[in-house]
Amino acid sequence: MTTATAQLSTGTWAIDPVHSSVSFSVRHLMVSKVRGEFETFSGAIAVAEDGTPSVHAEIAVDSLNTRNEQRDAHVKSADFFDVANYPVATFTSTTVRPEGDHYVLEGDFTLKGVTRRISLELEFNGVNPGMGHGEVAGFEASVVINRKDFGIDIELPLETGGTVVGDKVTITLEIEATKQA
């Protein structure tokens, strides 16, 4: 059992969407990045009696927001996420292990009907007694995935070389979870 996870008491910790975020960035036109977030998501961390944590989370893919309605509509279309057929992305952990001053959270990530094992770099920010609504725990995690690994393989070449949208997507999670009674 690791020191940081030992600070999480046994039970279920629900992800608080009001104090959490699921964001992403992807290369645009080879020179900049488009950033966005998924506004609707849920999940929980379950801590077993032996202190072993597990995580399950869901993201409503159609809640994508890049602050541009036209781009959002295109990214939600069959060219990219195909939210009509694949409205939810899921993550289910398989292991959590310490690595240096952080942790690695491994699990199965399903996006657009494709499931792949991913490894998120995880920072545990500790536990706080909360503000009268129970204990809260904080986490930050990130992972870089290749969109093509999940069937998002549209090519939008530029006349000058390269593509409109990069292959690598960085997903960043800022999570606050509340201990359930």
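Guide: The secondary structure of the protein chain comes to two helices and 11 strands, where helices (H or I, at least four residues) and strands (E, at least two) are DSSP runs numbered from the N terminus. This is a predicted model, in which local features need pLDDT of at least 70, side-chain atom pairs count only at pLDDT 80 or more, and totals for chains, interfaces and linings use all residues. Residues are numbered from 1 along each chain as its sequence is written, and side-chain values use heavy atoms, with hydrogens and water left out.

Visitor: What pattern does the chain follow along the sequence?

Guide: Read along the sequence, the pattern is α-β-β-β-β-β-β-α-β-β-β-β-β.

Visitor: And Leu120, buried or exposed?

Guide: Leu120, found in strand S9 (residues 114-128), counts as buried because its relative accessibility is 5%; buried means under 20% relative accessible area, exposed over 50%, and partly exposed in between (1.4 Å probe, protein chains only).

Visitor: Which residues does Leu120 touch?

Guide: Not counting residues up to four places away in sequence, Leu120 touches Phe91, Tyr103, Val104, Leu105, Ala141, Ser142, Val143 and Leu173, a contact being heavy atoms within 4.5 Å.

Visitor: Changing topic, where is Glu174, and why is it called partly exposed?

Guide: Glu174 is found in strand S11 (residues 165-179), and it counts as partly exposed because its relative accessibility is 34%.

Visitor: How much of the whole chain is buried, then?

Guide: Of the 181 residues of the protein chain, 40% count as buried.
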